[in-house]
Amino acid sequence: AEYMGGRCTLVATLQTYRILALNSLVNAYGLSALYLDGIKLSDTQMTIAGLLVAVCFLFISQSKPIDTLAPMRPQTAVFSAHFMVSLLGQFACHLYALVHVVGMAKAALNLAAEAPASLDVEGKFEPSVVNSAVFVLLTAMHATTFVVNYKGRPFTQSLVENRGLLVAVLLMGALTLVFAAGVSETLAGFVEMVVWPSSAFRWELIQVIVADFGAAFAVEAVSGWVFARNA
């Protein structure tokens, strides 16, 4: 039982490192892209995103080992080939999606490539299409990162068995789709978002979110298959 518990702890630690790395990278670019244009996320948006991510990490730490010993060994190194290839591949997908969404949000506002000098990032928060779109996409990417990189069986509980994590991820995904679809203007106002400029913009944002999830899932699946064969 102690041996299986040790494997469970090792798997949970490595997947936490990968999720933290991916979340840090996408946040770094997303917030930098906003900062360069004198735009920022609101305190409400940052609080909601931070709480959802924290809850997901809490339930990852509470995952339990399964009752039977798996015939294969888990990864034992953070900087393994599988870890690095999957990490960089997923980040490339997220980076492309962020660049695309920031570009289409700027186009919707007819913003120039360079930020106007009048914008003040230290000033009062003003919701816009750009920060609203980046907030929705970053939240979607956080949910994607947990779903794609959570490794359950054969070492620990699967995502379905870890009910707390499953509910938290589903809630994050549902909120993302509600925000992206612009279903409720009241809810959008609560998180300090603007109304999307057109239905075409909403549809394209949803397409990017779905495509980003599919691409990240494919990267992890392919890299896992390749390096499992070479193990």
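**Note on helix H5 and the cores**

1. H5 has 19 residues. From first C-alpha to last, H5 reaches 27 Å, close to the 27 Å expected at 1.5 Å a residue. The model is a predicted one.

2. Now the faces of H5. Leu 165, Ala 168, Val 169, Met 172, Thr 176, Phe 179 and Ala 180 are its buried residues. Viewed down the helix axis, these buried residues of H5 fall within an arc of 100°, so they line one face. Arg 163, Val 167 and Leu 170 are exposed on the other side of H5. Just after the helix comes Gly 182, with a positive phi of about 65°.

3. Which elements give two or more residues to the largest nonpolar core? First, the core itself: it has 37 residues, and Val 136, Leu 137, Met 193, Trp 196 and Leu 205 have the most contacts inside it. The elements in question are helix H1 (2-36), helix H3 (81-109), helix H4 (129-149), helix H5 (163-181) and helix H7 (199-229). H4 provides the largest share, 10 residues.

4. Leaving aside residues up to four places away in sequence, Trp 196 touches Val 129, Ser 132, Ala 133, Val 136, Phe 179, Ala 180, Gly 182, Phe 201, Arg 202 and Leu 205. Two of these contacts, Phe 179 and Ala 180, are among the buried residues of H5.

5. Thr 139 is found in helix H4. Is Thr 139 buried or exposed? At 5% relative accessibility, Thr 139 counts as buried, the cut-off being under 20%. Not counting residues up to four places away in sequence, Thr 139 touches Met 172 and Thr 176.

6. On aromatic pairs, the count comes to 4. One of them joins Phe 213 and Phe 217: the ring centres are 6.3 Å apart and the planes sit at 25°, so the pair is stacked. The cut-off for stacking is planes under 30 degrees apart. Both residues lie in helix H7, 4 residues apart, about one turn of the helix.

7. How do the two rings' residues stand for accessibility? Phe 213 counts as partly exposed, at 34% relative accessibility. Phe 217 also counts as partly exposed, at 47%.

Methods. Residues numbered from 1 in each chain as written. Predicted model: local features only at pLDDT ≥ 70, side-chain atom pairs only at ≥ 80, totals over all residues. Heavy atoms only, no water. Core = buried A, V, L, I, M, F, W, Y, C linked by side-chain atoms within 4.5 Å. Buried < 20%, exposed > 50% of the residue type's maximum accessible area, 1.4 Å probe, protein only. Contact = heavy atoms within 4.5 Å. Expected span 1.5 Å × (residues − 1). Arc of directions from axis to C-beta. Phe/Tyr/Trp six-rings, centres within 6.5 Å; stacked < 30°, edge-to-face > 60°.
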